[in-house]
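Here's a walk through one protein model, taken piece by piece. Have the structure open and follow along.

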Amino acid sequence: MPELPDVEGFRRVLAAHAVGKRIEDVVVLDDGVLRGVGARRLREELRNQRFAEPRRLGKWLIAPVDGGPVVVLHFGMTGSFDWAPGADERRKHDRVIFVFGDGELRYRDMRKLQGLRLVDGDAELERLLADTGPDALAVSRDRFRELLDGRRQLKALLTDQSVLAGLGNLLVDEILWRAKLNPHVPAASLDAEVVDALHREMRKVLRSAVKAERVPPRTSWLTGRRDEPSGSCPRCGTTLEHGRVGGRGTVWCPRCQPG
Ligand SMILES: [Zn+2]
């Protein structure tokens, strides 16, 4: 599932290949991914325009068009955004294609849970993102302390995009394992030093993952072991626990992360 590092990778794809180039065409292969805009209007508004520098908030990719509307993409559970040079064959789940002189940007999404929006300007963009919390890579230590309050379980809180934007299931489990914190504990039970250490570990994990453009399944990471039925903790060798927190499959080390 695309999380902050994956979407940061998609942002780089757009920045590297498409910014400043004329959009020759927009081909909608499946309008089931369009949200609040039809294929015809999307094409009319974007043809012959150029993308400006894209940005990201959490798992949202924000792609403004020079002097025009803003394309906002979300990748749901299965989405991706790839550059295909020349006439590479299109793939089964390609939904929207941005055609340029030297290649195509392809928005692909098997499950179509989220999609592509076209917003008119900053005010409408602000409304769309009003319920999105601060970006996990940009949030300051002080702001992070304020967010980590209340009775909610730590994992449920950190995966809530309205609290903090960008972290998904893999990242939160990885970060809590690094910080040696049990995913079930109430956020408000942590003292300030522990919260600061959690913020530090979050930044470290995010920096490595952004470099890899995914949560890397390295065997020295929890992520590399989590799918093994009786995988062991890369740090202490204890068999990992599997359970559910807030409805999400959760993995932790019972020794490093006692409840
Ligand atoms: Zn352990």
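Let's start with a single side chain: arginine 90 has a relative accessible area of 36%, which makes this residue partly exposed. Bear in mind that we're looking at a predicted model. What does arginine 90 meet in a salt bridge? The partner is the side chain of glutamate 104, at 2.8 Å from N to O.

Buried or exposed: which is glutamate 104? With a relative accessible area of 10%, glutamate 104 is buried, as the cut-off for that label is under 20%. Arginine 106 comes out at 3% relative accessibility, so arginine 106 counts as buried too.

Now for the sheet around these residues. There are 4 strands, arranged as an open sheet in the order β1-β7-β8-β6, and the pairing is antiparallel. At the edges sit β1 (25-28) and β6 (79-85), each of which pairs on one side only. From one strand to the next, the twist averages 15°. If you zoom in on β6 and strand β8 (residues 103-109), you'll find 7 bridges in the antiparallel sense. One detail to pick out there is proline 85, whose bridge partner in β8 is glycine 103.

Helix α1 (residues 4-17) lies across β6 and β8 and runs at about 25° to β6. Helix α2 (residues 39-46) lies across β1 and β7 (94-100), and runs at about 165° to β1.

Helix α2 also has a side-chain link to the sheet. Aspartate 25 and arginine 43 meet in a salt bridge at 2.7 Å, N to O. Aspartate 25 lies in strand β1 and arginine 43 in helix α2, so this pair ties together parts that are 18 residues apart in sequence. Arginine 43 counts as partly exposed, at 35% relative accessibility.

Here are the salt-bridge pairs discussed so far:

| Glutamate 104 | Arginine 90 | 2.8 Å |

How many salt bridges turn up in a search of the whole structure? That search finds 23. Elsewhere, a network of salt bridges links Glu8, Arg11, Arg12, Arg56, Asp135 and Glu213.

Cys233, Cys236, Cys253 and Cys256 coordinate the zinc ion, each through SG, at 2.2 to 2.3 Å. Why is the arrangement tetrahedral? The 4 donor atoms subtend angles of 102 to 115° around the zinc ion, and that makes it tetrahedral. Along the chain, the donors follow the spacing C-x2-C-x16-C-x2-C. Cysteine 253 and cysteine 256 are both buried.

Finally, have a look at the hairpin. Strand β10 (residues 241-245) and strand β11 (residues 248-252) run antiparallel and are joined by 5 bridges. In that pairing, histidine 242 stands opposite valine 251 of β11. The hairpin has 2 residues between β10 and β11, and glycine 246 in the turn has a positive phi of about 55°.

Conventions:
Residues are numbered from 1 along each chain as its sequence is written. This is a predicted model: local features need pLDDT of at least 70, side-chain atom pairs count only at pLDDT 80 or more; totals for chains, interfaces and linings use all residues. Side-chain values use heavy atoms; hydrogens and water are left out. Donors are N, O and S atoms within 2.8 Å of the metal (3.2 Å for Na, K and Ca); water is not among the atoms, so sites may look incomplete. Four donors count as tetrahedral if all angles lie between 85 and 135 degrees; four count as square planar and six as octahedral if opposite donors are over 155 degrees apart and all others between 65 and 115; anything else is irregular. Buried means under 20% relative accessible area, exposed over 50%, partly exposed in between (1.4 Å probe, protein chains only). Two strands pair if DSSP finds at least two bridges between them. Axes are lines fitted to C-alpha atoms, for helices over the stretch in contact, and angles run from 0 to 180 degrees between N-to-C directions. Contact means heavy atoms within 4.5 Å. A salt bridge is a side-chain nitrogen of Lys or Arg within 4 Å of a carboxyl oxygen of Asp or Glu.
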